[in-house]
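My notes go entry by entry.

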Amino acid sequence: MDKILRVDMGAEGGPQFRTEPVGEFAGLGGRAMTTAIISKEVHPLCHPLGAENKLVIAPGSLSGTSASMSGRISVGCKSPLTGGIKESNAGGQAAQVLARLGYAAIVLEGKPEGDDLYKIFINKDGVEISVDNSLKNLPNYPLIEKLRGQYSDRAAYMTIGTAGEMKLLAASIACTDPEKRPTRHCGRGGTGAVMGAKRVKAIILDDTGLKMRPPKDPEKFRDANRRFVEGLRKHTITGEGLPAYGTNVLTNVMNEAGAYPTNNFRTGRFENAAKISGEVQAELEVKRGGLATHGCHRGCVIQCSGVYNDKDGKYVTKQPEYETVWAHGGNCGIDDLDVIARLDFLDDNFGVDTMDTGAAVGVAMEAGLIPWGDGAGAIRLVEEIGKGTPLGRILGCGAEVTGKVFGVERVPVCKGQAMAAYDPRSVMGIGVTYATSTQGADHTAGYSVGPNVLKSGGDLDPLKPEGQVEMSRNLQIATAAVDSTGMCLFIAFPLLDQPETFQALLDMIGAFHGIAMTGDDVTALGKSILKKERDFNTRAGFTKHHDRLPRFFLKEPIPPHNVTFQVTDEDLDKVFNW
Amino acid sequence: MRITVKLFATFRKGRFDAEVREVPPGTTVSQIVEEVDLPEREIGIVLVNSRHAILSRVLADGDTLAIFPLVGGG
């Protein structure tokens with residue numbers, strides 16, 4: 001990974017590319033890379049869909065090696081959804097393949113005139129950019145089907161669906177999984193709209209003829225990876241719960257804890273949660289000939305994904321994730337897994353974030369467009385997104401826009417981005433992360449749910465404000481660093497609980513680069529990323545007043561605990577004081 | 001007194017999802033854990049009436065006890 005591919009989509013006479021040495025960005029991966037380039041090169045006041053914005057795609061620093069779990073790819077830009085800096089990462093095959101091709105980043109710059117749609121093909125022999133208007137208006141599944149016939153079986157695809165072409169604010173970038181299904185999405189923050197604005201429909205990455213990236217010290221690297229994998233296997237979360245039930249194992253936990261946002265954050269408990277729980281979902285998947293255990297990329301040992309079939313055994317979608325099952329399920333009063341799976345498929349196919357889309361449907365229900373629990377109605381609404389009707393475009397721009405258009409006050413967003421499946425009143429630690437993250441409401445930016453509710457990585461009372469700021473700060477720093485390695489964030493559970501597994505990761509990074517790595521190096525990396533992101537957001541016009549939850553979380557107590565969010569504004573302002 | 005015991009994820013295997021049980025006053029979470037033969041070191045989360053509780057917690061009539069192995073996701 002010693003080079004950067006820069007593609008000027010707005011060059012005179014058509015898109016031009018150049019390959020340059022990685023230079024000052026050497027050693028950076030994932031979020032560290034996307035943030036470094038965006039914060040240095042993108043004007044913070046630019047229009048996110050204009051020629052001045054850039055879309056940076058970067059594999060993690062360990063991607064493309066034999067390190068387990070290293071298949072996350074980061075995409076960065078100025079977000080059209082939040083107006084701030086964005087890093088959205090996904091699994092799938094793209095990170096490993098791009099890293100083996102030797103690129104530390106692809107930077108899409110400029111914006112072409114006219115309506116032509118482009119695809120970019122990259123293999124060991126070079127880069128080919130071509131117009132392909134036959135791809136216009138294709139949703140992700142038929143798009144991949146069409147492209148697959150033209151490229152090697154080893155190719156990985158990064159694509160936008162119809163939502164990206166329409167530049168909707170919740171548009172995602174899809175990454176194909178090992179079976180070439182467009183199921184793993186850089187979902188958050190509208191990165192797909194930026195790719196659409198640059199008129200790039202598909203990036204095809206083919207690593208035929210290339211090998212794994214070699215570590216500087218192969219023996220130490222192998223040994224560290226072995227200890228790392230051992231640690232993941234022996235930890236109950238990554239070794240048992242996630243493989244058996246997937247992320248949706250959380251539905252019952254969060255619901256029992258009274259922290260499951262139901263009917264657009266009106267209550268913390270959904271009476272039919274058990275029907276859409278991970279336990280029920282896994283059993284149904286196996287019964288219908290799908291899979292309850294599946295890896296989103298090669299080299300994954302956790303295998304938290306799965307395959308969801310319909311009652312006739314026909315593929316519907318990948319196993320819907322916890323956040324999706326919540327956003328389209330309990331958040332909308334919907335208790336039917338088949339409806340939720342259909343919505344998950346539609347989101348993936350049109351290429352929109354399942355969280356912001358589910359939250360938008362919840363807000364539409366709040367506005368009275370359809371009743372709570374109306375599954376058929378929810379499917380109709382999401383189909384509007386694919387059709388590009390005015391209503392569909394509104395919903396495809398996420399919860400905030402939907403709330404504004406329909407005059408709804410209860411809109412669960414921070415910096416324009418929808419919250420995830422944890423109520424910030426009954427899990428105050430995640431409220432701190434939602435409010436202060438550089439990314440808008442983003443549970444993964446500092447997953448305080450671990451120590452608050454799951455009792456992993458610490459133990460803090462979720463219903464009290466004490467200690468939440470410090471916890472969120474430490475997790476936001478650690479997460480920024482993990483997001484730079486290409487490692488799946490779920491390694492954080494064993495990492496925080498088992499010092500020897502954390503050491504194994506440090507040793508693995510060290511052996512790869514031929515250096516000694518310490519915990520302090522990881523912290524320093526995380527802090528430097530957050531500092532750049534905060535600085536970009538400040539220059540983009542964000543102040544401390546943007547680091548706040550919507551006021552209804554401070555005014556409306558949520559049952560069953562009947563609490564409001566209690567962390568003070570003064571304390572929220574201390575998150576980035578270190 | 002009567003309490004409701006709910007089990008989740010791997011703890012359901014060979015046991016039950018939810019059961020109402022008659023127990024003597026003064027019964028602790030620990031005693032229930034022993035009764036239903038759960039490996040104590042595998043217990044991740046204990047909730048009594050939706051609030052986190054410790055194993056020595058004394059249960060009251062009408063309580064709902066939810067026991068999970070260590071789970072995570074998100």
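**Entry 1: what I'm looking at.** I'm working from a predicted model, not an experimental one.

**Entry 2: where the domains meet.** I find 27 residues of domain 1 of chain A in contact with 22 residues of domain 2 of chain A. On the domain 1 side, α3 (140–148) and α4 of chain A are the elements that give two or more residues. Of these, α4(A) gives the most, with three residues. Sorted by class, I have twelve nonpolar, 13 polar and two charged residues on that side of domain 1.

**Entry 3: the core.** Which residues touch the most other members of the largest nonpolar core? I noted Val56(A), Ala105(A), Leu205(A) and Met508(A), out of 197 residues in that core. Domain 1 and domain 2 of chain A both give residues to this core, so it lies between them. I then followed up Leu205(A): leaving aside neighbours within four places in sequence, its contacts include Ala94(A), Val97(A), Leu98(A) and Leu101(A). Ile122(A), Ala155(A) and Ala156(A) are also in contact with Leu205(A).

**Entry 4: helix α13.** Next I picked α13 of chain A, residues 375–387. The 13 residues reach 19 Å from first C-alpha to last, close to the 18 Å expected at 1.5 Å a residue. Which of its residues are buried? I listed Gly375(A), Ala378(A), Leu381(A), Val382(A), Ile385(A) and Gly386(A). They sit on the same side of α13(A), because they cover an arc of only 160° around the axis. That made me recall the helix rule: with 3.6 residues a turn, residues three or four places apart point the same way. On the other side of α13(A), I see Ala376(A) and Lys387(A) exposed.

The buried residues of α13(A) pack against several helices of chain A, among them α4 (162–165), α11 (337–350) and α12 (354–366).

**Entry 5: chain A against chain B.** Last, I checked the contact between chains, which takes 28 residues from chain A and 17 residues from chain B. On the chain A side, α7 (236–245), α8 (250–256) and α17 (449–454) each supply at least two residues. I put α7(A) down as giving the most, with seven residues. By class, that side of chain A has 14 nonpolar, ten polar and four charged residues.

Note on methods
Residues are numbered from 1 along each chain as its sequence is written. Chains are lettered from A and ligands numbered from 1 in the order in which they are written. This is a predicted model: local features need pLDDT of at least 70, side-chain atom pairs count only at pLDDT 80 or more; totals for chains, interfaces and linings use all residues. Two residues are in contact if their C-beta atoms, placed from the backbone, lie within 7 Å. Helices (H or I, at least four residues) and strands (E, at least two) are DSSP runs, numbered from the N terminus. Ala, Val, Leu, Ile, Met, Phe, Trp, Tyr, Cys and Pro count as nonpolar, Asp, Glu, Lys and Arg as charged, and the others, Gly among them, as polar. The expected span of a helix is 1.5 Å times one less than its number of residues. A residue is buried if 20 or more other C-beta atoms lie within 10 Å of its own, exposed if 12 or fewer, and partly exposed in between; C-beta atoms are placed from the backbone. The arc is that of the directions from the helix axis to the C-beta atoms. A nonpolar core is a set of buried Ala, Val, Leu, Ile, Met, Phe, Trp, Tyr and Cys residues joined through C-beta atoms within 7 Å. Domain bounds come from an automatic or database domain assignment.
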